Amino acid sequence: MDAPTFADVLSAAAAIRPHLAPTPLLRHPLLERAAGTEVWVKHENHQPTGAFKVRGGVNLLSRLEPAERARGVIAASTGNHGQSVAWAAQRFGIRAVICVPEVANPVKVEAIKAWGAELVEHGRDFDEAREHCEALAARHGYRYVHSGNEPLLIAGVATETLEIVEARPDVDVIVVPIGGGSGAAGACVVARALGRPMEVIGVQSEAAPAAFRSWQARALVEDKMETAAEGLATRTAFDLPQRILWAQLDDFVGEADLDRATLLMLETTRNLVEPAGAAAVAALLRQPHRFAGKRVAVVCSGGNIAPAQLAALLHRHGATPIR
């Protein structure tokens, strides 16, 4: 399958405009003090599903052929991709089936059901849910919506980066969390089309490094999946996002402490942030010299933290302010 072009991203922006408002791009002085540089936060946690992936869901489902709509769609997800497909399916009157791991984030699971999708709980992790989803798609003839290998999905999520550069064309670096890699791949497509120096840096949990190792090797590899940040929790890399990242991503940075970054964002931005949504800030905290003196945009990819996750986070660290 071909990678999306910048023209595809512009087309996606037109497709989603009637359905999704641009999200805020904001500075937070206390966050900047902790990071030691100018930071603009792209608040995708303000989307109606609480995460960036809804952009891709709207772009893809809005373009399905009548026969595909009639068959219905199916997707596998740890939560945010499933919400995206469920929200868009309700918007366009399409049947949706979402497969999630048995231990999926309950906030995301309840939202998927609330958007009207049929829920299938299967497996220990995302990849077991994905394998079951693919079997169901083949058995029942659903239109399978992969969470990464979909050009229309990548073009849709790339509109978050398009909004960043439209608002701040002087950004030096964009830092994007990576699970499957659609968001970072979309950022690369936009950044490379602009013809000006602007780095795109991906961040992945060191407890689930398949995408980073695949990017290093220029080949798809599997690895451990031990992160509690479900938005980063994949044990295998995806072909289409990786091909884009191999050609265009400037660098990968690991996150050292998602707890610290999540608490810092809660405290300094007054926003609910899930751990995956704090990964870009974790990268800034880990390598401050890498970003010093630069105008940095970080993607807060989602805010769907479960109450139990938040309570456990606060219990682990008490009420001590994070600095």
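Student: Is Glu-199 to be read as buried, exposed or partly exposed?

Tutor: Glu-199 has a relative accessibility of 23%, so Glu-199 counts as partly exposed. The reasoning rests on a cut-off, because buried means under 20% and exposed means over 50%. Please bear in mind that this model is predicted.

Student: With which residue does the side chain of Glu-199 meet in a salt bridge?

Tutor: The partner is Lys-294, with 3.3 Å from N to O. The two belong to distant parts of the chain, 95 residues apart: Glu-199 is in strand β8 (residues 199–205), whereas Lys-294 is in the loop between α15 (288–291) and β10 (295–300). Lys-294, at 26% relative accessibility, is likewise classed as partly exposed.

Student: How many salt bridges does the structure hold?

Tutor: There are 22 salt bridges. One of them joins the side chains of Arg-143 and Glu-68, at 3.3 Å from N to O.

Student: Are Arg-143 and Glu-68 buried or exposed?

Tutor: Both residues are buried.

Student: Which helices hold Arg-316 and Asp-259?

Tutor: To begin with the contact, Arg-316 and Asp-259 form a salt bridge whose closest N and O atoms are 2.9 Å apart. Arg-316 sits in helix α16 (residues 307–317) and Asp-259 in helix α13 (residues 258–269), so the pair ties together parts 57 residues apart in sequence.

Student: Which residues are linked in a network of salt bridges?

Tutor: Such a network links Glu-38, Arg-168, Asp-170 and Arg-295.

Technical notes:
Residues numbered from 1 in each chain as written. Predicted model: local features only at pLDDT ≥ 70, side-chain atom pairs only at ≥ 80, totals over all residues. Heavy atoms only, no water. Salt bridge = Lys/Arg side-chain N within 4 Å of Asp/Glu carboxyl O. Buried < 20%, exposed > 50% of the residue type's maximum accessible area, 1.4 Å probe, protein only. Helix = DSSP H or I, 4+ residues; strand = E, 2+ residues; numbered from the N terminus.
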